[in-house]
Amino acid sequence: MVGETGRGDEAIELVRTLGPDLVILDIKMPGLDGLSAARHVAGERLAAVLILTAFSQRELRRAGARRGALAYLVKPFQKSDLIPAIEVALGRFAELTALEPAT
């Protein structure tokens, strides 16, 4: 499933409803910023999170990682950069979920 929104709060609801493998969030989003949305998505282990943003500051990258982003891509980017970032996020998410005990 594919969904699209520019709002962080709506992104969380779309992820819960559609169940995608990957969520791509920007840091600056109305409603709820992308880092907070990433925290919700990652905390619930709903999907892999990729942060795609124009902000490249080290502290923002660290904040993204602390909130569950598994990959980070800075705009502008080349199309050839997107696929590896997606693969990293999906691979890391698979590793994380494989380590969790079965319920």
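Throughout this tour, a contact means heavy atoms within 4.5 Å. The model is predicted, so local features need pLDDT of at least 70 and side-chain atom pairs count only at pLDDT 80 or more, while totals for chains, interfaces and linings use all residues. Residues are numbered from 1 along each chain as its sequence is written, and side-chain values use heavy atoms, with hydrogens and water left out.

**Stop 1: the whole chain**

Start with a cartoon view. You will find four helices and three strands, arranged along the sequence as α-β-α-β-α-β-α. Helices (H or I, at least four residues) and strands (E, at least two) are DSSP runs, numbered from the N terminus. The C-alpha atoms fill a box of roughly 40 × 25 × 25 Å along the principal axes. For 103 residues, a compact globule would have a radius of gyration near 13 Å, and the chain agrees, with 13 Å. That radius is taken over C-alpha atoms, and the globule rule is 2.2 Å times the number of residues to the power 0.38. Among contacts between residues at least 6 apart in sequence, 48% join residues at least 24 apart.

**Stop 2: the largest core**

Next, select V23, L25, V41, V49 and I51. These have the most contacts inside the largest nonpolar core, which has 16 residues. Such a core is a set of buried Ala, Val, Leu, Ile, Met, Phe, Trp, Tyr and Cys residues joined through side-chain atoms within 4.5 Å. Buried means under 20% relative accessible area, exposed over 50%, and partly exposed in between (1.4 Å probe, protein chains only). At least two core residues come from each of α1 (8-18), β1 (22-25), α2 (34-43) and β2 (48-53). The most come from α2, which gives four. Another core lies apart from this one, with 10 residues, among them L50, A71, L73 and A89.

Now centre on L25. Setting aside neighbours within four places in sequence, L25 is in contact with A11, G34, A37, A38, V49, L50, I51 and L52.

**Stop 3: helix α2**

Colour α2 by accessibility. Is this helix mostly covered or mostly uncovered? It is mostly covered, as seven of its 10 residues are buried: G34, L35, S36, A37, A38, V41 and A42. Show the neighbouring elements too, and you will see the buried residues of α2 packing against α1, β1, β2 and α3.

**Stop 4: R45**

Move on to the loop between α2 and β2, where R45 sits. Most residues other than glycine have a negative phi, and most peptide bonds are trans. R45 has a positive phi, near 50 degrees. At 36% relative accessibility, R45 counts as partly exposed.

**Stop 5**

Select F55, in the loop between β2 and α3 (58-66). Which residues does F55 touch, not counting those up to four places away in sequence? They are I27, K28, L60, Y72 and V74. With a relative accessible area of 29%, F55 is partly exposed.

From F55, draw a C-alpha to C-alpha distance to K75: the two are 7.7 Å apart in space and 20 residues apart in sequence. Then look at the peptide bond from K75 to P76, which is cis, with omega near -10 degrees. P76 belongs to the loop between β3 (71-74) and α4 (79-99).
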